[in-house]
Amino acid sequence: MQYCSTRGGVHGWDFRDVLFSGYAPDGGMFMPESVPVLSADTLRCWRGLPYNKLVVEVSSLFIPSNLIPREDLEVLVGEALSGFSVPEVVRIARLKDGLSVLELFHGVTLAFKDLAMTCTVRFLNYFLQKEKGRATVLVGTSGDTGGSAIQSAKGLPGLDVIVVYPRGRITPVQEKQMITCLEDNVHVFADGSSDDIDQPLRCLFADEELVKSHGLISLNSVNWSRVMIQLAHFIYAYLELSDMAQDQAAAALPELEVVVPTGGAGNVTAGLIVKQMGIPLKLVAMVNSNDILHRAVSTGDFSMAAKVTQTLAPAIDIQDPYNMERVFWLLLDRDGLTVKTMMEEFQHTHRLSLPENHCKLLSQVLSTGTVTDEGILETMRRCWEDNRYVLCPHTAVAVWHHYHCPHSPGVKRCYVATASPAKFQTAVQRAGLTFHIPEAVRMLDKLATRYQNLEWSPNWCKDWEERLRAKIQFVSSTRKLGS
């Protein structure tokens with residue numbers, strides 16, 4: 001298995017190369033050069049596997065055993081997923097009227113990011129220990145990614161973690177999960193919106209000398225490993241919820257509709273890859289008022305709004321769904337030159353009008369919808385009234401679809417729950433509901449904090465880039481002095 005860039009300028013990289021990268025040197029995103037197709041027999045063999053075993057099976061398709069031997073892979077994934085609050089790691093809540101909710105939030109930061117993040121950090125640490133190397137992780141976050149990266153990597157001797165988050169645009173729990181970590185290898189910066197943050201980060205990752213000399217890597221879903229682990233979410237849901245019969249080898253595989261709340265489109269990318277692997281998924285991406293993805297699918301208008309709208313679902317308050325570059329690459333038959341032209345125009349102008357044939361290809365594999373804050377609150381209340389089950393506001397963005405879009409006859413549905421309601425207490429209270437707050441969340445208020453501000457200026461993007469560059473160089477030189 002080898003990897004290439006979505007923009008066509010890089011080919012033949014292996015998993016280790018890609019794991020230790022951010023954006024590809026040509027500005028694109030890494031993808032496998034070929035996607036393995038799963039047979040019905042393979043899926044039947046996997047049915048009933050625990051989630052952690054399924055992650056091993058999926059990962060082994062993309063990580064050659066000469067890089068991580070199978071027995072080591074099993075240990076790494078097992079250790080990564082051992083700290084979750086439920087033994088099964090993920091679970092499915094089966095509620096009234098066919099409402100099945102895939103709970104992916106039982107990790108330490110109560111968000112789905114913990115599943116892929118813990119595994120990815122274990123993979124990184126595996127290679128760093130083997131090579132006696134060091135690296136610097138640079139992460140921009142809209143809320144959940146930063147906390148997950150910090151909690152997964154804190155205290156590891158070979159990794160420094162630099163996180164930039166949008167102060168005032170995330171919940172107190174999300175913020176405290178980042179700024180209360182006082183480990184020496186954790187460095188937190190605050191300000192801007194999530195889309196503002198992406199601009200200086202892209203510039204830093206485009207500096208090949210900086211990336212190479214300081215071991216700079218990304219743990220956003222820019223990193224292929226994050227998307228790779230997310231494939232298992234969709235496959236697990238399919239194996240658990242579809243009516244795939246063990247004794248009907250010749251029968252066509254039944255379809256499963258999977259509805260995801262999305263911001264950066266990482267889950268959309270993972271779902272489309274699983275679809276190309278031969279699993280008949282019907283994908284639905286639900287967004288909040290930051291609706292660029294919905295507009296792209298419904299009208300071909302892939303254009304950023306003037307500013308990010310703050311909503312009750314802050315982790316998906318994103319106007320630049322950067323993983324859509326991977327989606328376009330898959331749909332356009334891996335045409336790197338076309339993707340490069342499209343995405344460079346989008347990066348320069350923040351606007352892109354999709355050609356009619358591109359729009360048609362996109363709408364054939366993805367349905368979308370958009371939900372207001374009032375729709376989020378209405379869905380949270382209705383789900384509680386019907387099931388005595390509290391949704392987080394992001395999950396409510398997905399579940400709104402259950403109450404407003406009739407089922408296709410004979411097709412089962414799964415709704416992806418990306419976070420615990422405990423992280424979004426204001427939304428829960430505004431819906432008139434209550435939710436038990438875990439002790440670990442209550443304790444955050446009693447902990448000391450540490451972070452640095454990124455100040456606004458007329459030349460803010462360049463200033464932030466230079467400030468972060470200086471921090472990268474500082475932590476790298478400090479590691480060298482201590483080694």
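Buried here means under 20% relative accessible area, exposed means over 50%, and partly exposed is in between, using a 1.4 Å probe and protein chains only. Helices (H or I, at least four residues) and strands (E, at least two) are DSSP runs, numbered from the N terminus.

The model on your screen is predicted: local features need pLDDT of at least 70, side-chain atom pairs count only at pLDDT 80 or more, and totals for chains, interfaces and linings use all residues. Residues are numbered from 1 along each chain as its sequence is written, and side-chain values use heavy atoms, with hydrogens and water left out.

**Stop 1: helix α11**

Select α11 (266-276). Nine of its 11 residues are buried, so this helix is mostly covered. Colour the buried ones: Gly266, Asn267, Val268, Thr269, Ala270, Gly271, Leu272, Ile273 and Val274. Just after the helix, click on Gly278, which takes a positive phi of about 110°.

**Stop 2: the largest nonpolar core**

A nonpolar core is a set of buried Ala, Val, Leu, Ile, Met, Phe, Trp, Tyr and Cys residues joined through side-chain atoms within 4.5 Å. The largest one has 117 residues, and those that touch the most other members are Phe15, Tyr51, Phe123, Trp224, Phe302 and Leu362. Helix α10 supplies the largest share of this core, 13 residues.

What is Trp224 in contact with, leaving aside its neighbours within four places in sequence? Contact means heavy atoms within 4.5 Å, and the partners are Tyr3, Phe15, Val18, Phe30, Met31, Pro32, Phe62, Ile273 and Arg326. You have already coloured Ile273, one of the buried residues of α11.

A second, separate core has 35 residues, including Leu99, Val399, Phe424 and Ala431.

**Stop 3: enclosed spaces**

Rolling a probe the size of a water molecule over the atoms shows where empty space is left. On a 1 Å grid over the protein atoms alone, a cavity is a set of points where a 1.4 Å probe fits but cannot get out; a pocket is an open set with protein on both sides within 12 Å along at least five of seven lines; lining residues have an atom within 4 Å of a point. Grid points are joined across faces, edges and corners, and a volume is the space filled by probe spheres set on the points.

To find it, select Lys113, Ser142, Gly264, Ala315 and Ile318, the closest to its centre of the 27 lining residues. Helices α6 (144-153), α8 (194-205), α10 (224-241) and α11 each give two or more residues to this lining.

For residue classes, Ala, Val, Leu, Ile, Met, Phe, Trp, Tyr, Cys and Pro count as nonpolar, Asp, Glu, Lys and Arg as charged, and the others, Gly among them, as polar. The lining of the largest cavity divides into seven nonpolar, 16 polar and four charged residues.

The second largest cavity holds about 80 Å³ of space. Select its lining: Tyr23, Asp198, Leu201, Arg202, Phe205, Ser218, Asn220, Val222 and Tyr322. Helix α8 gives the most, with four residues. By class, this lining has five nonpolar, two polar and two charged residues.

**Stop 4: the largest pocket**

About 540 Å³ of space lies in the largest pocket. Of its 27 lining residues, Gly107, Val108, Leu110, Pro438 and Val441 lie nearest its centre. Helix α19 (residues 439-443) gives the most to the lining, with three residues. The classes are 16 nonpolar, eight polar and three charged.

Stay on Leu110, in the loop between β4 (100-103) and α5 (113-131). Most residues other than glycine have a negative phi. Leu110 is not a glycine, yet has a positive phi of about 65°. Leu110 is buried, with a relative accessible area of 15%.

Compare Asp333, in the loop between α13 (324-331) and α14 (336-349). Asp333 also has a positive phi, of about 55°. Is Asp333 buried or exposed? At 64% relative accessibility, Asp333 counts as exposed.

**Stop 5: the cysteines**

A disulfide is counted as a pair of cysteine sulfur atoms within 2.5 Å, and the count here is zero. Cys359 is buried, at 14% relative accessible area. For Cys405, the nearest cysteine sulfur is that of Cys383, 16 Å away. Cys405 is partly exposed, at 24%.
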